[in-house]
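Here is a friendly note to read alongside the model. Take the points one at a time, and keep the viewer open as you go.

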Amino acid sequence: MMVFENKSLKALNTFGMDIRARYFAEVGSDQDVKELKDKGYLNADNVLILGGGSNILFLGDYDGMVVRVINKGIQKIREDEQHVWLACAAGEIWDEVVEYAVNHGWGGLENLSLIPGTVGASPIQNIGAYGSELQDVFEHLEAISLETGEIKVFRRHECRFGYRDSIFKQEAKGQYLIMQLVFRLKKHPVPNLSYKALQDEVGRSAPEP
């Protein structure tokens, strides 16, 4: 792992703002995070965790440490007759995880297709679309405390999910680096058509009797 100084973030934010970070590092493992902490880069208040760069607008250079999580991995870790539990690394692209689940016939994520960003950013604002939200399939996540370096598991009730809200936007803002999420998905899914636009589209697509 390398720490870069005066790093351009133009290619890492969707607005393409040509700004620079005083320090920048990409982390792919818990050990990378520990190394950054041991070297003193995570002790300051001005640490920014950057996901897909689609929900941020830089107005100027960032005088601090920008950390981008790039770990990868999607793995089925458990199953029963009705559900599968899917562990996903925070650095995975969100829509690619949705596609992976759909291709395997597992339900719960399909209404959240095409939302930009990474898996690790998804619980921060409890992403949602078309009558579904992340909290509907969320089991738990693993995060690293930037203060202590310890790994903490957050269950659903501990995340305090609300409408586009969570503990990570409130009292825990900037305190944790999310590294992995676990979802509980349905083996025999029933489409969620609670959103009227989806009902209308399905109605238009249905064959004539």
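Which residues do ring pairs link into a cluster? Ring pairs join Phe 154, Phe 168 and Tyr 176 in this way.

Before going further, please note that this is a predicted model, in which local features need pLDDT of at least 70, side-chain atom pairs count only at pLDDT 80 or more, and totals for chains, interfaces and linings use all residues. Residues are numbered from 1 along each chain as its sequence is written, and side-chain values use heavy atoms, with hydrogens and water left out.

1. Rings in pairs. The structure holds six aromatic pairs. Rings of Phe, Tyr and Trp (its six-membered ring) pair if their centres lie within 6.5 Å; planes under 30 degrees apart count as stacked, over 60 as edge-to-face and the rest as tilted. Tyr 23 and Tyr 41 make an edge-to-face pair, because their ring centres are 5.4 Å apart and their planes stand at 65°. This pair links distant parts of the chain, with Tyr 23 in strand E2 (residues 20-27) and Tyr 41, 18 residues apart from it, in the loop between helix H1 (30-38) and E3. These labels follow DSSP runs, numbered from the N terminus: helices are H or I with at least four residues, strands are E with at least two.

2. Charges over rings. Arg 78 lies over the face of Trp 85, at 4.0 Å from the ring centre. Lys 152 does likewise over Phe 154, at 4.9 Å from the ring centre. The rule asks for NZ of Lys or CZ of Arg within 6 Å of the ring centre and within 35 degrees of the ring normal.

3. Strands side by side. Two strands pair if DSSP finds at least two bridges between them. Strand E11 (residues 176-186) runs antiparallel to strand E6 (residues 83-89), and seven bridges join them. In this pairing, Cys 88 has Leu 181 of E11 as its bridge partner. E11 also pairs in the antiparallel sense with strand E9 (residues 138-145), over seven bridges. Here Ile 144 stands opposite Leu 177 in E11.

4. Salt bridges. How many are there? The count comes to eight, where a salt bridge is a side-chain nitrogen of Lys or Arg within 4 Å of a carboxyl oxygen of Asp or Glu. One of them joins Arg 68 to Glu 26 (2.7 Å, N to O). That pair links distant parts of the chain, Arg 68 in strand E4 and Glu 26 in strand E2, 42 residues apart. Asp 38 and Lys 34 also form one, with their closest N and O atoms 2.8 Å apart. These two are four residues apart in helix H1, so about one helical turn separates them. Lys 76, Glu 79 and Lys 187 are linked in a network of salt bridges.

5. Buried or exposed? Buried means under 20% relative accessible area, exposed over 50%, and partly exposed in between (1.4 Å probe, protein chains only). The side chains of Glu 133 and Arg 164 meet in a salt bridge (3.3 Å, N to O). Glu 133 is buried because its relative accessible area is 17%, whereas Arg 164, with 23%, is partly exposed. Asp 38 is exposed, with a relative accessible area of 55%.
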